[in-house]
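User: Could you walk me through this one? I have not looked at it before.
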Amino acid sequence: MESNQISSMSKASRCEANEPMPSESQSAYLGLGSNLNDREACLYRAVTMLSNAGARCVKASSIYESEPFGYSDQPAFLNAVIKVKTFLSVQALLITVKEVERRMGRISGPRWGPRLIDIDILLYDDVTLATEELTVPHPGLRHRVFVLLPLHEIAPRVNIDKDLSVEKALESLDTSQGIKKYASWRYGDVR
Ligand code: ADP
Ligand code: MG
């Protein structure tokens, strides 16, 4: 069964990451994007798979539709931000996120190219780190309206960097272009 496979794979991931599991549940914010097939269903499927793998969604933003970033010659994206609770370390969470992307059939393509699902770790507790594999807070966060708007909806006071609130980051960006609210979140037990 798929969900069992995912949860056993994620246990393996925790070992591979070689990091101690946090003793308390941590909060993380994840950015989700999809611009192929049934885009809304892809977002919800990712949430189920993440939950089965140990990153349980407790809050979700509305779904926004945004013009493609990077390559403009591709379908519009649906984007949303979710808050998850997890015992996975940030490194294990990245492995899990990539497993979910892979299992959902995301094939390697150009950066910012079309994809069934893109899952980015925006924030993880108050962790700051920059390695070749993983940068947290996500490096694109402060410039991307399609991530900041949904994040602001569920966490208006969160800091996306030292002394930079999501509110402040949005003030310097044009939020009127290329993005609109598409639907409310209508999946799972989230507020
Ligand atoms: P993007 O999300 O910018 O469109 P990709 O999804 O193709 O690009 O991600 C490219 C790589 O970015 C991933 O293989 C991953 O190792 C790396 N990465 C670095 N920081 C993060 C992060 N915070 N969340 C997700 N991936 C990250
Ligand atoms: Mg990504």
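This is a predicted model: local features need pLDDT of at least 70, side-chain atom pairs count only at pLDDT 80 or more; totals for chains, interfaces and linings use all residues.

User: Which residues come nearest to ligand 1?
Analyst: Of the eleven residues around ligand 1, the nearest are Asp120, Ile121, Leu134, Thr135 and His138.

User: And which strand gives the largest share of that shell?
Analyst: That is β5, which contributes three residues; β5 (118-124) and β7 (135-136) each supply at least two. By type, the shell around ligand 1 divides into five nonpolar, two polar and four charged residues.

User: Switching topic, how many residues does helix α3 have?
Analyst: Helix α3, residues 90-103, has 14 residues and reaches 20 Å from its first C-alpha to its last, which is close to the 20 Å expected. Its buried residues include Val90, Leu93, Ile95 and Val100, and the helix is followed by glycine 105, whose phi is positive, near 95°.

User: Where is the cis peptide bond?
Analyst: The cis bond runs from valine 136 to proline 137, with omega near -5°, and proline 137 lies in the loop between β7 and α4 (145-154). Most peptide bonds are trans, and most residues other than glycine have a negative phi.

User: What is the phi of asparagine 37, and why does asparagine 37 count as partly exposed?
Analyst: Asparagine 37 has a positive phi of about 55° although it is not a glycine, and it lies in the loop between β1 (26-34) and α2 (39-52). It counts as partly exposed because it has 13 C-beta neighbours inside 10 Å, where exposed would require 12 or fewer.

User: And what about the phi of aspartate 163?
Analyst: Aspartate 163 also has a positive phi, near 60°, and is found in the loop between β8 (159-161) and β9 (164-165). With 6 C-beta neighbours inside 10 Å, aspartate 163 counts as exposed.

How values were computed:
Residues are numbered from 1 along each chain as its sequence is written. Chains are lettered from A and ligands numbered from 1 in the order in which they are written. A residue is near a molecule or strand if its C-beta atom, placed from the backbone, lies within 6 Å of it. Helices (H or I, at least four residues) and strands (E, at least two) are DSSP runs, numbered from the N terminus. Ala, Val, Leu, Ile, Met, Phe, Trp, Tyr, Cys and Pro count as nonpolar, Asp, Glu, Lys and Arg as charged, and the others, Gly among them, as polar. The expected span of a helix is 1.5 Å times one less than its number of residues. A residue is buried if 20 or more other C-beta atoms lie within 10 Å of its own, exposed if 12 or fewer, and partly exposed in between; C-beta atoms are placed from the backbone.
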